[in-house]
Amino acid sequence: MTKVQIKVNDNGGYRVMGDVELIDAEGNVFETKQAFTLCRCGLSSKLPFCDASHKGKFESCVRAEKVLDDKE
């Protein structure tokens with residue numbers, strides 16, 4: 001299995017890259033491409049996908065905790 005990457009975009013959605021199957025709560029499969037963006041703000045008219053409705057209406061800049069190298 002190849003590694004899937006999910007990027008948390010500043011003030012936007014989750015960018016998903018890789019071979020992934022996206023399913024709803026009932027097990028129905030959404031048609032996806034190798035790269036797509038999931039909505040994070042809830043404003044999209046194409047849920048669960050992002051349609052850029054968030055622009056100017058949603059702010060979130062999430063950062064992972066930095067891990068310091070033991071050598072420092």
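View 1. Val4 is found in the segment before β1 (5–8); strands are DSSP runs (E, at least two residues), numbered from the N terminus. This is a predicted model, in which local features need pLDDT of at least 70 and side-chain atom pairs count only at pLDDT 80 or more, while totals for chains, interfaces and linings use all residues. Residues are numbered from 1 along each chain as its sequence is written, and side-chain values use heavy atoms, with hydrogens and water left out. At 31% relative accessibility, Val4 counts as partly exposed (buried is under 20%, exposed over 50%, partly exposed in between; 1.4 Å probe, protein chains only). Together with Ile6, Val8, Tyr14 and Val62, Val4 forms a nonpolar surface patch of about 380 Å² accessible area.

**View 2. Arg40 over the ring of Tyr14.** Arg40 lies over the face of Tyr14, 5.4 Å from the ring centre (the criterion is NZ of Lys or CZ of Arg within 6 Å of the ring centre and within 35 degrees of the ring normal).

**View 3. The cluster of Phe30, Phe36 and Phe49.** The count comes to 2 aromatic pairs (ring centres within 6.5 Å; planes under 30 degrees apart are stacked, over 60 edge-to-face, the rest tilted). Phe30 and Phe49 are edge-to-face, because their ring centres are 5.9 Å apart and their planes stand at 90 degrees. Phe30 is in strand β4 (residues 29–30) and Phe49 in the segment after β5 (35–38), 19 residues apart. Phe49 is buried, at 18% relative accessible area. The rings of Phe36 and Phe49 are also edge-to-face, with centres 5.8 Å apart and planes at 80 degrees. Phe36 is buried at 7%.

Notes:
Patches are made of residues with over 30% relative accessible area and no salt bridge: like charges are joined within 9 Å, nonpolar side chains (Val, Leu, Ile, Met, Phe, Trp, Tyr) within 5 Å. Accessible areas come from the Shrake-Rupley method with a 1.4 Å probe; for residues, only the protein chains shown count as cover. A salt bridge is a side-chain nitrogen of Lys or Arg within 4 Å of a carboxyl oxygen of Asp or Glu. Helices (H or I, at least four residues) and strands (E, at least two) are DSSP runs, numbered from the N terminus. Rings of Phe, Tyr and Trp (its six-membered ring) pair if their centres lie within 6.5 Å; planes under 30 degrees apart count as stacked, over 60 as edge-to-face and the rest as tilted.
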